Amino acid sequence: MLILLWFPALVWAADIRIGLLAWQGEESAASEWRPLLKALQDGLPGHRLHAFYFDLKGMANAVSDRQLDFVVTNPGHYVALEAQHGVTRIATQIIESGQDSAHTVGSAVIVRSDRTDLQTLDDLKGRRLAAVSTDAFGGYQVVWAALKGRGIDPEDGDFVPYFTGFPMTRVIDAVDSGAADAGTIRSCLLERLEAEGKVAAGRYRVLSPQDVPGPCRRSSPVYPGWAFAAAPQTSPELAREVLIVLLGLSPRVTGQTWGVPADYHPVHEMLRELQIEPYAFLREHRLESQVRRYWPIAAGLVLLLIFWVVYTLRVEVLVQRRTRELSAALAARDRLAESIEAHRQQMEHLSRLSILGELSGTLAHELNQPLATIGNYANSLTRRLERGSLSAEATARAAAEIASESERAAGILAGIRAFARKRTRIRERVALLTLVEGAVQLFRGMIPDAPPVELSDRLPEEQRTVTVDPLQIQQILLNLLKNGLDAQRAAGCPEAPLRIELTAGGASDATISVRDRGTGMPEAERARLFEPFFTTKPEGMGLGLSISRSIAEAHGGTLDAREPDDGPGLVLCLQLPVTPVTDKDDEQAD
């Protein structure tokens with residue numbers, strides 16, 4: 001409710017807006033503060049006063065919205081407004097004449113006189129205590145601090161607060177009706193109501209009354225009186241004018257006295273102990289507050305932690321089990337790989353022996369020529385020796401021919417023996433052309449009626465070297481040449497030349513193409529050409545090309561078949577990665 005006091009004057013310099021705390025309701029507050037407001041208006045003829053009555057929250061909002069120039073409120077509320085909004089006290093109220101402004105406000109805890117079970121504040125443990133509200137200074141906070149000093153705290157459940165709201169006389173009604181066992185009111189209120197006849201004398205008594213002079217009974221220590229404070233936007237000049245008038249007011253006119261601002265440090269200490277505004281932030285750091293505030297989160301975190309521990313243990317068990325299974329699987333795989341490798345090497349060896357078996361018929365013819373030559377020269381030497389016509393020159397020439405033919409026979413046997421031997425694979429750097437020429441020479445030496453082999457070398461200089469197992473690559477080439485010869489024999493043209501081309505298959509590959517002039521092969525058969533045990537020859541095993549492709553892939557290359565562009569036949573292409581030639585290689589070659 002807004003009550004506007006207007007006092008006539010000739011000239012008004014400015015309006016003064018004063019907010020007053022209506023702790024007993026607006027009607028009672030207007031009656032209580034009317035003499036003070038009239039005296040202030042009389043002392044400030046150049047201003048017009050406007051009075052506004054608020055509860056605690058309403059006054060804080062009005063100060064925040066800059067609607068007031070001055071406020072009059074209890075000490076606890078003033079400390080909160082000072083901290084939150086920057087109001088500044090200019091005077092402190094003195095209730096009794098001659099009283100110290102720093103020891104003015106206290107509280108009384110009242111009970112009905114017939115409650116003989118309640119004698120001291122300690123008896124309130126487990127009882128219901130009526131109060132105005134949690135933020136009422138004289139109506140709750142002062143007694144709360146006094147009880148807490150005795151080890152009785154409502155936050156620990158030691159007593160049950162019963163809040164009635166303003167006006168404060170509702171607290172007395174609650175005690176009288178039995179809704180509460182006791183009630184806390186501002187000191188001197190009970191005496192005033194008894195004097196006015198609104199409360200029967202002797203109906204209520206005060207618990208743990210303090211031994212202090214004066215008619216007012218108290219259950220608590222006393223604190224500085226009400227504050228008359230200036231709002232942050234109020235000018236210092238106006239605050240000084242109002243202060244001068246306040247200090248000069250006669251208590252006979254206003255019924256109250258205002259003195260210099262008191263030290264509100266005891267109020268700060270009490271509010272800090274209770275951890276309420278403006279010290280409510282301290283409450284956030286208390287362990288019980290943290291537990292009360294965050295226990296759902298903490299409980300959730302504990303459950304998550306338990307779940308995580310159980311999950312981690314389960315995962316650990318599964319990981320160990322899977323690790324054992326994986327280790328066993330890897331060991332089995334390694335054993336299988338070793339077995340496959342051993343069988344593959346055995347199959348390669350058998351493939352070479354198979355080729356030798358097919359070519360064994362030609363071996364006698366190939367060795368027969370050098371042996372026959374050696375025999376002829378030996379017989380010739382014997383006859384000439386018998387005739388006595390053997391010269392030193394003829395002897396030397398015959399010995400040289402015998403040695404040459406024996407070396408030729410030994411070379412044929414060494415090549416076949418090396419080809420047939422089962423040995424550890426060796427990768428070495430070789431010239432591709434030399435490797436192909438050696439394979440062609442071995443092929444022609446093993447087959448007496450072998451057709452001519454045309455060799456075309458179109459490799460660039462930087463792509464002429466490969467790093468391979470020479471014997472395995474020769475095995476592939478011999479297999480391709482032998483298959484080409486078989487295809488030409490089946491087509492009725494065994495004397496047709498086979499053709500080998502060396503070309504670049506890319507920037508880092510070389511291709512060896514072996515072309516025959518047989519009848520060719522349908523696409524369906526060509527698609528299965530490299531399958532194990534697939535063959536088009538009645539006596540074939542179907543392993544040669546399959547093993548050859550495996551060897552090529554083991555060297556990082558490929559082996560494929562295609563139709564030629566210039567007539568019937570088949571082209572088998574072996575592609576191998578080349579080894580780049582470095583400057584160091586060039587220097588060693590020089």
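Arg314 sits in helix α10 (residues 287–387), helices here being DSSP runs of H or I with at least four residues, and strands runs of E with at least two, numbered from the N terminus. The model is a predicted one, where local features need pLDDT of at least 70 and side-chain atom pairs count only at pLDDT 80 or more, while totals for chains, interfaces and linings use all residues. Residues are numbered from 1 along each chain as its sequence is written, and side-chain values use heavy atoms, leaving out hydrogens and water.

With a relative accessible area of 53%, Arg314 is exposed (over 50%; buried is under 20% and partly exposed lies in between, with a 1.4 Å probe and protein chains only). Together with Arg321, Arg322 and Arg324, Arg314 makes up a positive surface patch (residues with over 30% relative accessible area and no salt bridge, like charges being joined within 9 Å).

On pairing (at least two DSSP bridges between two strands), β4 runs parallel to β2 (residues 14–21), joined by 3 bridges, and Gly19 stands opposite Val71. With β11 (residues 227–230), β4 runs antiparallel through 4 bridges; here Thr73 faces Ala227.

Helix α15 (residues 544–554) also has buried residues, among them Leu545, Ile547 and Ile551. After α15 comes Gly556, with a positive phi near 80 degrees.

Notes. Patch = residues over 30% accessible without salt bridge, like charges linked within 9 Å, V, L, I, M, F, W, Y side chains within 5 Å. Areas by Shrake-Rupley, 256 points an atom, 1.4 Å probe, with all protein chains shown as cover. Salt bridge = Lys/Arg side-chain N within 4 Å of Asp/Glu carboxyl O. Lys, Arg positive; Asp, Glu negative; His and termini not counted. Charge placed at Lys NZ, Arg CZ, Asp CG, Glu CD.
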